[in-house]
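Hi everyone, thanks for making time this morning.

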Amino acid sequence: MKLLLKTLIAFLLGMIITGAMLFLPAGTWDYPGAWLFMALLFTPILLMGIVLMVKNPELLRKRLAMKEREKTQQGVVALSGLLLVASFIVAGIDYRFGWSHVSHGIVIIASAVLLIGYALYAEVLRENAYLSRIIEVQERQRVIDTGLYGIVRHPMYSATVLLFLSMPLVLGSIPSFVIMLVYIPLIVKRIKNEETVLLDGLDGYDAYCKKVKYRLLPLVW
């Protein structure tokens, strides 16, 4: 019950805060892109939360953990949070003043990419029971090298890149998209630091890195 209550509070707070960051700067409830985004964002979150609560509550507990121990990761997480806030607020202001226009076709494509990102994210959760939100080597942790982990070493971050870059386009804002591009160097920094931790503390990770050469995007990096 404690985990259920914590999950519900996190979910409701997330909806309220995200809605405030979008609708208040927009100055209106009549912001179709924001409603579409909220539906695409929180429906999968709700479904994944229910599945984890039933199938793997321990993994859900790990995903709710927010306090990073690594200094580098603390900075990356803080900057990523600021990036989201800035992107959402700018998207709302953009809608209010009509700074940019995104075609319906691009919005549809971005919506599909966002859902694909969530599908990849869900698959990563299914494959990796050690998937804590914070960077750490857990007791009895082993290297996962099957499924998406056989293609890239950090498929969860691949999914988050799709999510972050599609969000501003669903909201219909080019300036918001430009801001969100900063997420790419941030996630690169997070990955490099995470791999340093894993190479130092996780048996077999060095061999895994030699086997799976790409970190984030096949044939690129």
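Before we compare helices, one definition: an axis here is a line fitted to C-alpha atoms, for helices over the stretch in contact, and the angle between N-to-C directions runs from 0 to 180 degrees. Please also keep in mind that this is a predicted model.

Let's start with a pair. Helix α6, residues 155-170, packs with helix α8, residues 183-201, at an angle of about 165°, and their axes are 11 Å apart. Angles over 145 degrees count as roughly antiparallel, so that is what α6 is to α8. Their crossing is right-handed.

Who makes the contact? From α6 we have Y157, T160, V161, F164 and L165, and from α8 come Y183, I184, I187, R190, I191 and E194. Sorted by type, the residues of this contact are eight nonpolar, one polar and two charged. Here's a handy rule to go with that list: an α-helix has 3.6 residues a turn, so residues three or four places apart point the same way.

Now over to helix α5, residues 104-127. With 24 residues at 1.5 Å each, α5 should span 34 Å, and its end C-alpha atoms are 35 Å apart, which agrees. Its buried residues include V107, L114, Y121 and E127.

Let's stay with E127 for a moment. Is E127 buried or exposed? Its relative accessible area is 16%, and buried means under 20%, so E127 is buried. Leaving aside neighbours within four places in sequence, E127 is in contact with I144, T146, G147, L148 and Y149. As for D145, it sits 18 residues from E127 in sequence and 9.5 Å away in space, C-alpha to C-alpha.

Technical notes: Residues numbered from 1 in each chain as written. Predicted model: local features only at pLDDT ≥ 70, side-chain atom pairs only at ≥ 80, totals over all residues. Heavy atoms only, no water. Helix = DSSP H or I, 4+ residues; strand = E, 2+ residues; numbered from the N terminus. Parallel < 35°, antiparallel > 145°, perpendicular 65-115°, else oblique. Left-handed = near helix turned anticlockwise from the far one by under 90°. Contact = heavy atoms within 4.5 Å. Nonpolar A, V, L, I, M, F, W, Y, C, P; charged D, E, K, R; others polar. Expected span 1.5 Å × (residues − 1). Buried < 20%, exposed > 50% of the residue type's maximum accessible area, 1.4 Å probe, protein only.
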